[in-house]
Amino acid sequence: MSVREFVVLGTASQVPTRHRNHNGYLLRWDGEGILFDPGEGTQRQMLRAGVAAHDINRICVTHFHGDHSLGLAGVIQRINLDRVPHPVTAHFPASGRRFFDRLRYATAYRETVRLAEEPVAVDGVLADTPSYTLAARKLSHPVEAYGYRLTEPDGRRMLPEKLAAHGIAGPDVGRLRREGALNGVTLDEVSEVRRGQRFAFIMDTRLCDGVHALAEGCDLLVIESTFLDEDVRLATEHGHLTAGQAARVAAEAGVRHLVLTHFSQRYSDPSEFERQARAAGFEGELTIARDLMRVPVPKRT
């Protein structure tokens, strides 16, 4: 049975707190795991969350500020220490290659796993697999930053009443699905398009075209909301979003489930982020992220 869930390893912005670790997130998508923005302490948070190095197939870094990338050294070395049996691919802004290289080789260790480096320099598709397409869009932050979007290919949903009307049952259903037609009946006549699921991960950024493009039509959107709305000037100055801004993006994009994260240490009451997100007009499912929580990808409608 396929598993699609988002595992939150850390939710703090800039510095960790007693209750929030630096950033770190793992998306489980069927048999693959994509690790996003491993900040300092990610390796320990993985242990606490039941995430193993073997679960990681890709690493996606949005930008090279420490709270989003200092955990790379430990994670990469753990992947090699545990002799992960499959290759791992790392995506990161091309302008930050020197930082990636320093973190990858921060100390001596034995390389046992093939780690493919695929830096991101322009918007576009990074990987196209049978299960998903991974794409990147540029964001607006003081250093070059990219957000990531995962899109499942559209499929077909068989319609039992139409199958029955044409007398198609049992193994013939599978044959019709594979071949596209059976005894003069086409697949289109007895099925409908099943929209593929969509996920996006948006970290440090001001409002920009990339934010809206990444969020459009997402089933699950994970997005930073570093500041509350009363500090919008600070948010813009430092290249971040407020809770209200993030929620309005989600509402306009038709997001089904919104996850807010990356909170400034200046705020002690997480319920205020929820209140401002609702006040901004978001009516879908809303989660204020906490370390070590698991968020399932919404079921298909």
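Biologist: Are Phe64 and Phe92 buried or exposed?

Modeller: Both Phe64 and Phe92 are buried. Buried means under 20% relative accessible area, exposed over 50%, and partly exposed in between, using a 1.4 Å probe and protein chains only. Keep in mind that this is a predicted model: local features need pLDDT of at least 70, side-chain atom pairs count only at pLDDT 80 or more, and totals for chains, interfaces and linings use all residues. Residues are numbered from 1 along each chain as its sequence is written, and side-chain values use heavy atoms, with hydrogens and water left out.

Biologist: How do I read an aromatic pair, and how many aromatic pairs does the structure hold?

Modeller: A pair of aromatic rings is described by the distance of the centres and the angle of the planes. Rings of Phe, Tyr and Trp (its six-membered ring) pair if their centres lie within 6.5 Å; planes under 30 degrees apart count as stacked, over 60 as edge-to-face and the rest as tilted. There are 11 aromatic pairs here. One of them, Phe36 with Phe199, is tilted, at 5.8 Å centre to centre and 45 degrees between the planes. That pair links distant parts of the chain, 163 residues apart: Phe36 is in strand β3 (residues 32–36) and Phe199 in strand β14 (residues 198–202). Strands (E, at least two residues) and helices (H or I, at least four) are DSSP runs, numbered from the N terminus. Phe36 and Phe199 are both buried.

Biologist: Why is the pair of Phe64 and Phe92 edge-to-face?

Modeller: Their ring centres are 6.0 Å apart and the planes stand at 70 degrees, so the pair is edge-to-face. Phe64 sits in the loop between β4 (58–60) and α2 (66–69), and Phe92 in the loop between β5 (88–91) and α4 (97–104), so the pair ties together parts that are 28 residues apart in sequence.

Biologist: Which residues form one aromatic cluster?

Modeller: Phe6, Tyr25, Phe36, Tyr148, Phe199 and Phe201 do. While you're looking at β14, find Ala200, which lies in that strand. Ala200 counts as buried because its relative accessibility is 0%. Contact means heavy atoms within 4.5 Å. Leaving aside neighbours within four places in sequence, Ala200 has contacts that include Tyr148, Leu214 and Val222.

Biologist: What about phi: which value does Asp37 have?

Modeller: Most residues other than glycine have a negative phi, and most peptide bonds are trans. Asp37 has a positive phi, near 45 degrees. Asp37 is in the loop between β3 and α1 (42–49). His262 isn't a glycine either, yet its phi is positive, about 65 degrees. You'll find His262 in the loop between β16 and α10.

Biologist: In helix α10, which residues are buried?

Modeller: Phe273, Gln276 and Ala277 are buried in α10 (residues 271–279). Seen down the axis, the buried residues fall within an arc of 105 degrees, so they line one face of the helix. The arc is that of the directions from the helix axis to the C-beta atoms. Their cover includes α9 (243–253), β16 (257–261) and β17 (285–288).

Biologist: And where does Arg28 lie?

Modeller: Arg28 is in strand β2 (residues 24–29). Its relative accessibility is 16%, so Arg28 counts as buried. Not counting residues up to four places away in sequence, Arg28 touches several residues, among them Glu5, Asp55 and Arg294.
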